[in-house]
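Please look at the disulfides in this model. The questions below take them up in turn.

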Amino acid sequence: MDKYFFGITTVLNFVLGLLTILDSGYTANVRNKDDIFNINITMPNFNTTQEDQYAFLQYELPDEELTLVGYSPLINMNAAHHMLTFACANPGSNKQIWTTGQACNGNEQLIIHGWARNAPSMTFPDDVGFPVGRNTPYKYIVINIHYLSNVVNDKSGNQLIISRKPRKYQAGVMLAGTSQIYLKPKTHSIRTPFSCRYNGPSISIFAARVHAHQWARVNSLYRVRDGVITQIVKGDPQWPQSFYPLPSPIEIQSDDYLVGQCVYDNDDEHTVRVGPTHKDEMCNIYAMYSFEPTKTANGKQKTGLAPIRSCWDNEFNSLNNLIPPDSEVPPRKPSDIGGISNGHHTHAEHAMSPSIDAGKQLSLSSMDDPAYEDYMEEVENMRHRDKDSDGYDYSKVLSHLGLPEYEYVDAHNYDYLLPTHLTYGKDQTVKIHNAKIMSSNLYTCVDSWPDVKSLPGQLGEIGGLALNKANDELVVFHRGSRKWENKYFTGNYRFRNELYSPIEEDVILHIDTRTGQTKFRWGAKMFYMPHGLTIDHAGNFWLTDIAMHQVFMFKPSDLTHPALIVGEMFQPGSGPTQLCRPADIAVMKNGDFFVADGYCNSRIIKFNRKGEYITEWGSPMTGLQDRDGFPLANQWNIVHSIALNEDAQLLCGADRENYRIQCFNSNTGEFQRQIRVETKDNIGPIYAIEFAPNTNGTVLFAVTGGTETPTKKVYMIDARTGDILTSFNSNPPLNAPHDIAVSTNGREVYVGELALSPMNALHKFELAKRKDLPTQTFSKRIYLNDKNFRVSLIIMTFFAIPVVLAVIIGCFVRIRNIRKLRRLNTFLNDVKVSSTGSGSVLGDWMNRRKGFEKLDQCSDGENEPLDNNINDDLNMNSNDEINQQQITTSSSSINNSVAFKMGASL
């Protein structure tokens, strides 16, 4: 009996365990004796709540040393548009499934697989894999599925092919491409080149995936070695999104160059720029490679250290001429993606092994499948979407900006758009017109600004931005043809002025904020490495040069000779009269000013209006941390930008590499607070800050940058409390923002980038405008908390009270008169009864019982003769005057017979 009971218990435990695994959406299956097994990560009967929905599912890997060696998608294009698979240190949510946010938290994340339109399964070369699990940063797998339409009980997912045996070579993914995309209307064969130099151990590229949107024709990548160019990949962006194996792996060695391009055709009537949506374009090539990892002292492989992760933008222009002419011709099928094999390569055994023949699995191009939809919203679209903007209190934002709250309607509560008005006069405010636009993104990028044609061809990296007092000019301080490179400096921060002369071009531009056209330029042969720019209340220009280690002030009347200089030319130092790579300036109304002496000295210095030293605060990093895990207050790792709100006695500084903002009392230097715009794992370097003028509060704008920040954003902050009021992304996305400028009430925001071309150097963002509204009229509902409604109600009540009183009095008088008439009628009836003859003077009247009711209708004009043809009377003024005179003269002799006639006529 005991044996029988034990057997039943064992079977039940096994069944319950199996059901638990199946219900969680994860299954494991041992495939063979080589310790290779599958893990199925699938949705547990997921139901979408809307069309075009994104869903994330996390899976925690076993605490083992594992290697991913392949994928077999368990998904169909009828249900999903695309699917991504990530390896993460931390998932983007604590929930098993989530539909907003991101796949991973923190910087330790990696896209390990992408699928779309029934792309095939894939396995890596025999000795290559992605290490995950124990002794790696990657403890979780997250899949992200983009559903096109509503689905019920969906079980889509991905099957991971995993080995417990480590591989000799690790896999990595390099993203190559550019954001320098500007497609003019009705143009063809537009090329956007990119290039870089590789510096690392040998790698072997064995598979590639290209990505772009509907205007792209072909993406290609090449290797250049000793002047010889070799094709790595050439792919059609309209193919199904998958990694395709190269015919033969391509070796990349240290000092090799990588060069490539994307080719576009724009038959539309509008300009197309870089961006994540289907209205924008992209230029991406993902190259999957293998490399032999370094080993620890005990002989184990080091994981998480990829030799190269990106090759971005066009660093070496001269290589573009080596790209062959046939690069503009797309391959006919994926087997042609790598061109012709040209010899032996390192890791030549690393040929990918698709599960079945790729040519038999799927449609290979739009020619093979006429119904093939454009893949505009692909992997990158999902990663750049703004999903968090609705979480902010926009009434609070408007209040801080000094914009009236009643001029904004929340799109979640109302289904109509506000009426429009937009004012730009002095001390006037801006109306938020489109609630739906407001709820999705507070600011929108002005696509037509600036006028690129009016910008100089040598518009270089943007050092600083500033708006003049009238807000009609944006002044730009840029570096022309010079880039900040180590070759210009010695080891002790001294600029090599004996080798390099001042910048030849005009480095200061005045750009019309409305038209985007360049109005004026100056500053040629005056600066060596421009950085910070500020315009004070008197219109003076304050500039910093990090090569000269000086601060300059120019008056508008003399732009060739500085009126004030602080610091010693080409002499870095830390004394009261010396600076070391000063980054920014903030000027008080009395002329005193602050300098962010930020790259070397980690301090903020205050000078009087004559440039004489007053005080300073700040110190370098000591390695000590506060309880929140950040460095101690008043310690700096590059004071990159400062902003002053004199009314609030607040001076804030962007502590760039500590990923925070520090604020101080501007009079005493006493520390007030530190501000972090994101959680510690998600935040990036804060490059620039600026207070918005003429707001109700201390509204501080900040912009993040740096290559380690995946999504650069602009943040709106209440500097008094440290609260983040809102944030927004850019479209096109920001690449390398460096400075920010904000207009009155925050109506317009400008961002300058360390860009390589004028097309993407400057961005203008503004609140919703009149053009965003439809022309039809919407019925507006009234709400008691609307300030306009309350004012109108008070005015209406004020005028209504006398009217109501008059009506009440009139009704009272009328009721009293009716009672009198009734008594009179009773009296007349009594008289009629007592009368002995029909010739009584009142006889006719008493025969008309309704005479009083009819007469009462004309009580206001009882002395006027009644006439049934009223229109004739209105058109005969002379007759009216005669009749009136006759009535007036005879009024004293009117007898009862006249009254009887009037009664009879009624």
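Buried means under 20% relative accessible area, exposed over 50%, and partly exposed in between, with a 1.4 Å probe and protein chains only. This is a predicted model, where local features need pLDDT of at least 70, side-chain atom pairs count only at pLDDT 80 or more, and totals for chains, interfaces and linings use all residues. Residues are numbered from 1 along each chain as its sequence is written, and side-chain values use heavy atoms, with hydrogens and water left out.

Q: How many disulfides does the structure hold?
A: A disulfide is a pair of cysteine sulfur atoms within 2.5 Å. Counted along the chain, the bonded cysteines pair as 1-2, 3-6, 4-5, 7-8, 9-10. The number of disulfides is 5.

Q: Is C311 buried or exposed?
A: C311 forms a disulfide with C196, sulfur atoms 2.0 Å apart. C196 has a relative accessible area of 7% and is buried. C311 is at 1% relative accessibility, so it counts as buried.

Q: How many residues apart in sequence are the parts that C196 and C311 tie together?
A: Strands here are DSSP runs (E, at least two residues), numbered from the N terminus. C196 lies in strand 14 (residues 187-197) and C311 in strand 22 (residues 310-312). The pair therefore ties together parts whose separation in sequence is 115 residues.

Q: Which handedness does the link of C262 and C283 have?
A: A disulfide joins C262 to C283, S to S 2.0 Å. Both cysteines, C262 and C283, are buried. With 85 degrees about the S-S bond, their link is right-handed.

How values were computed:
Helices (H or I, at least four residues) and strands (E, at least two) are DSSP runs, numbered from the N terminus.
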